[in-house]
Amino acid sequence: MHETVEILQSEEVGKGVRTLRFEYHHKVSPGQFFMVWLPGVDEIPMSASYCEGRKGITVKDVGPATRSLCNLRSGDRIGIRGPYGHGYTLHDGRILAVGGGTGMASLLPAVEAIGDPSRVDVAIGARNVSELLFIDRAKAASKNVRTSTDDGTNGLKGTAVDLVADMLSKERYDLVLACGPEKMLFYLLPLLRKHNVRCELSLERYMKCGAGLCGSCALDEKRVCVDGPVFTGEQAQTMIDFGKFRRNEAGQQIKL
Ligand SMILES: Cc1cc2nc3c(=O)[nH]c(=O)nc-3n(C[C@H](O)[C@H](O)[C@H](O)COP(=O)(O)OP(=O)(O)OC[C@H]3O[C@@H](n4cnc5c(N)ncnc54)[C@H](O)[C@@H]3O)c2cc1C
Ligand code: FES
């Protein structure tokens, strides 16, 4: 059942990316997601980018529903249900959070929930400087925030995986949390295995119900909405479709 909420704040946080804040009085854990309903447009999954106090989502304009969300302003209304899914487990020890593009939206609440800036490092990757998200917010929650851009306009020139390789050559981590394009996660996994570091990866699939009923989010035998969206590296390792295929709204297999 949706709850109608009023948008209290709409802020551009990167090129074509906006954060919407609203009051929603339910407990939300880092890594969980909402189903967001825009009457007459669509209902889509969105990670919680703020889990405490005033809740939030951070939306990249990639199609009709996300564009409509990005066009909303204070006073507009949307329907929210959830939160759904399993979030990150915030273990003891040294943690590295790795976010590619809007993947930072799901990760930042986890970085903040760790609550100790010396216990968590952050690697933020994007195609270029205008697409790097939440650097200041990350710096408030971590003493070591590094960036990479594909075109070298900020931080290390290369991919987020190149940046993680550099960070692993200098530091030892007990756990890596990661969210971003699936190809990034696909290439991150063998690097982490080589360094013998456990990880939790947040994955996306097309979703309709968000609650385990329709099967549209199937990833091998898992349903991403209830079994994920956060999976362990061991789980991802055994998934045949991981990093290779997703399914569209018609259930057709599409190469990633
Ligand atoms: C658990 C979860 C959390 C998400 N969190 C966020 C978030 O925090 N911020 C954000 O901007 N987006 C997030 N997304 C992705 C977002 O839901 C889609 O981009 C959105 O549904 C696209 O809708 P649209 O109508 O704007 O575009 P569409 O026209 O439906 O899609 C635009 C393009 O994106 C592709 N696409 C759509 N959905 C997905 C998907 N799930 N995985 C891969 N490709 C897809 C389509 O095939 C098409 O190529 C999340 C998805 C999931 C499953
Ligand atoms: S979206 Fe319906 S089962 Fe996952």
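## Strand pairing, ligand shell and backbone geometry

In β13, cysteine 199 is the bridge partner of valine 176. The model that shows this pairing is predicted. Strands β12 (residues 175–179) and β13 (residues 198–202) run in the parallel sense and are joined over five bridges. Both belong to an open sheet of seven strands, ordered β11-β10-β9-β8-β12-β13-β16, in which the pairing is mixed. At the edges of this sheet stand β11 (156–157) and β16 (230–232), each of which pairs on one side only. Helix α2 (residues 103–114) packs on the sheet and touches β8 (95–100), β9 (120–126), β12 and β13. The direction of α2 makes about 160 degrees with that of β8.

Backbone atoms of the protein approach the ligand as follows.

| Residue | Backbone atom | Atom of ligand 1 | Distance |
|---|---|---|---|
| Proline 45 | polar backbone atom | oxygen | 2.8 Å |
| Threonine 58 | backbone N or O | nitrogen | 2.8 Å |
| Glycine 63 | backbone N or O | oxygen | 3.2 Å |

On its own, ligand 1 has 880 Å² of accessible area, and the protein covers 76% of this area.

Most residues other than glycine have a negative phi, and most peptide bonds are trans. Which form does the peptide bond from glycine 82 to proline 83 take? That bond is cis, with omega near 10 degrees, and proline 83 lies in strand β7 (residues 77–84). The peptide bond from glycine 228 to proline 229 is likewise cis, with omega near 5 degrees. Phenylalanine 134, a residue other than glycine, has a positive phi, near 60 degrees. This phenylalanine is situated in the loop that lies between β9 and α3 (135–141). Strand β9 is one of the strands touched by helix α2.

Note on methods. Residues are numbered from 1 along each chain as its sequence is written. Chains are lettered from A and ligands numbered from 1 in the order in which they are written. This is a predicted model: local features need pLDDT of at least 70, side-chain atom pairs count only at pLDDT 80 or more; totals for chains, interfaces and linings use all residues. Side-chain values use heavy atoms; hydrogens and water are left out. A polar contact is a pair of N or O atoms within 3.5 Å; within protein, one must be able to donate a hydrogen and the other to accept it, and residues adjacent in sequence count only if both atoms are side-chain atoms. Accessible areas come from the Shrake-Rupley method with a 1.4 Å probe; for residues, only the protein chains shown count as cover. Two strands pair if DSSP finds at least two bridges between them. Helices (H or I, at least four residues) and strands (E, at least two) are DSSP runs, numbered from the N terminus. Contact means heavy atoms within 4.5 Å. Axes are lines fitted to C-alpha atoms, for helices over the stretch in contact, and angles run from 0 to 180 degrees between N-to-C directions.
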